[in-house]
Amino acid sequence: MDPVRNPFAPGAGTPPPELAGRDELRETVRVAVERVRLGLPTKSILMVGLRGVGKTVLLDRMRDDAEGLGIQTLRVEAPESRSLPAILAPQLRQSLLRLSRNQQAKDLAQRGLRALAGFAKSLKMKYADIEVGFDFDPEPGLADNGDLEHDLQALLEAAGAAAQKAETALAMFVDELQYVKEDELAALITALHRTAQRKLPVVLVGAGLPQLRGRMGRAKSYAERLFDFPEIGPLSPDATRLAIAKPARDLGVDVTDEALDRLVVETRGYPYFVQEWGKHSWDAADASPITRVDVENGSASAVAALDESFFRVRFDRLTPGEKRYLRAMAERGPGPHRSGDIAESLGREVTSLGPTRNKLIAKGMIWSPHHGDTAFTVPLFDEFMHRVMPGADWKI
Ligand SMILES: Nc1ncnc2c1ncn2[C@@H]1O[C@H](COP(=O)(O)OP(=O)(O)O)[C@@H](O)[C@H]1O
Ligand SMILES: [Mg+2]
């Protein structure tokens with residue numbers, strides 16, 4: 001079928017033609033931002049899940065939903081290498097500038113901008129990567145202690161007060177939260193705790209890999225009480241069928257039930273795979289309807305495309321030792337696996353592999369569902385490791 005009209009959209013953060021199976025979560029977030037705007041007790045929401053389950057696109061959609069309700073939003077992604085204050089400051093500035101256009105909120109928003117100036121200037125020593133424009137001079141004593149925990153709290157309080165005056169809320173959408181350092185997470189948690197106590201309309205909607213939950217708990221033991229951690233998993237079979245059938249049908253193309261059943265099996269409901277298989281099945285078909293045979297014919301190129309993109313980008317960032325560790329995990333199946341068993345496969349002591357395991361966790365490749373257990377953060381990565389490192393050479 002015409003590849004030009006192919007609706008499917010595999011790619012990190014690429015919006016799908018149909019965001020299937022996530023209505024309930026969107027509704028949860030809508031309720032949370034509406035409640036926080038009214039000053040009612042609300043937990044912030046941190047969505048956790050493996051790579052490719054659709055956290056980023058869901059976060060973007062939730063942000064659009066919130067904007068549509070008149071909520072003041074900001075959206076950032078925590079990269080591995082930058083500090084939280086550095087990524088938040090420019091976005092907070094934009095939010096405060098927008099709030100300052102509201103007549104009622106103008107004075108408080110300008111106070112927020114003064115807080116931001118104090119915040120950035122006093123933290124610049126510690127976080128050299130902070131780059132933000134100054135619209136007003138700092139106000140002595142306002143968010144300028146030089147201590148992140150204190151200053152972020154003062155800054156979010158000032159921003160929350162401005163949002164409250166404008167009869168809106170400030171909703172912060174933060175992706176890849178697992179990369180934020182624990183002391184910076186602790187400061188964020190404290191600041192949100194404070195705004196909640198003062199009934200200020202500030203809420204965090206975050207997303208991250210499954211290790212985020214543990215990191216939050218270690219950063220502040222009371223984090224569990226302040227946040228909900230909904231798990232974002234694979235799509236149900238019905239949602240998987242919808243994710244493929246609807247975009248096709250919208251273009252006048254049918255997909256047979258048998259084809260859809262096959263797609264459910266091949267993709268296991270993982271959204272990235274759903275898009276990849278949808279795309280390749282479409283390309284493999286000559287005409288409507290897309291049949292089971294088309295899906296089967298598209299499978300090899302779907303797998304090849306995943307190997308070249310989704311899996312490959314992660315693999316290429318690994319050292320030889322890290323690759324061997326993951327290959328040893330894959331040898332034992334999808335997991336999770338006991339660290340001792342992985343070490344045994346490699347003929348090494350568990351303790352000597354500790355640093356490799358820690359680096360893999362920091363890179364977001366693996367995580368620990370329970371003490372001493374290790375699991376992949378990328379679905380079906382074990383099968384990829386077998387394809388990319390066949391044979392037994394890795395054992396040496
Ligand atoms: N609910 C969904 N229905 C269909 N496709 C989806 C859904 N969520 C995500 N996708 C697709 O899955 C892929 C990965 O999404 P992304 O948000 O980057 O995942 P993550 O951030 O969890 O790694 C994208 O191609 C996206 O279009
Ligand atoms: Mg993402």
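These questions and answers cover backbone features and helix packing in a predicted model.

Local features need pLDDT of at least 70 and side-chain atom pairs count only at pLDDT 80 or more, while totals for chains, interfaces and linings use all residues. Residues are numbered from 1 along each chain as its sequence is written, chains are lettered from A and ligands numbered from 1 in the order in which they are written, and side-chain values use heavy atoms, with hydrogens and water left out.

Biologist: Which residue does a cis peptide bond join to glycine 335?

Modeller: Most peptide bonds are trans. At glycine 335 omega is about 0°, and the bond is cis. The residue joined to glycine 335 by this bond is proline 336.

Biologist: Where is proline 289 found?

Modeller: The peptide bond from serine 288 to proline 289 is also cis, with omega near 0°. Helices (H or I, at least four residues) and strands (E, at least two) are DSSP runs, numbered from the N terminus. On that numbering, proline 289 is in the loop between α11 (271-284) and α12 (292-315).

Biologist: Is leucine 380 buried or exposed?

Modeller: Leucine 380 has a positive phi, near 60°, and lies in the loop between β8 (373-376) and α16 (381-388). Buried means under 20% relative accessible area, exposed over 50%, and partly exposed in between (1.4 Å probe, protein chains only). Because its relative accessibility is 18%, leucine 380 counts as buried.

Biologist: What is the relative accessible area of glutamate 167?

Modeller: Glutamate 167 has a positive phi near 55° and sits in the loop between α5 (148-165) and β3 (170-175). This residue is exposed, with a relative accessible area of 58%.

Biologist: What span does helix α6 reach from its first C-alpha to its last?

Modeller: The expected span of a helix is 1.5 Å times one less than its number of residues. Helix α6 (residues 182-197) has 16 residues, and 22 Å is expected. Its buried residues include Leu185, Leu188 and Leu192.

Biologist: How is α13 oriented relative to α14, parallel or perpendicular?

Modeller: Axes are lines fitted to C-alpha atoms, for helices over the stretch in contact, and angles run from 0 to 180 degrees between N-to-C directions. α13 and α14 (residues 339-346) pack at about 110°, with axes 9 Å apart. Angles under 35 degrees count as roughly parallel, over 145 as roughly antiparallel, 65 to 115 as roughly perpendicular and the rest as oblique. Therefore α13 and α14 are roughly perpendicular.
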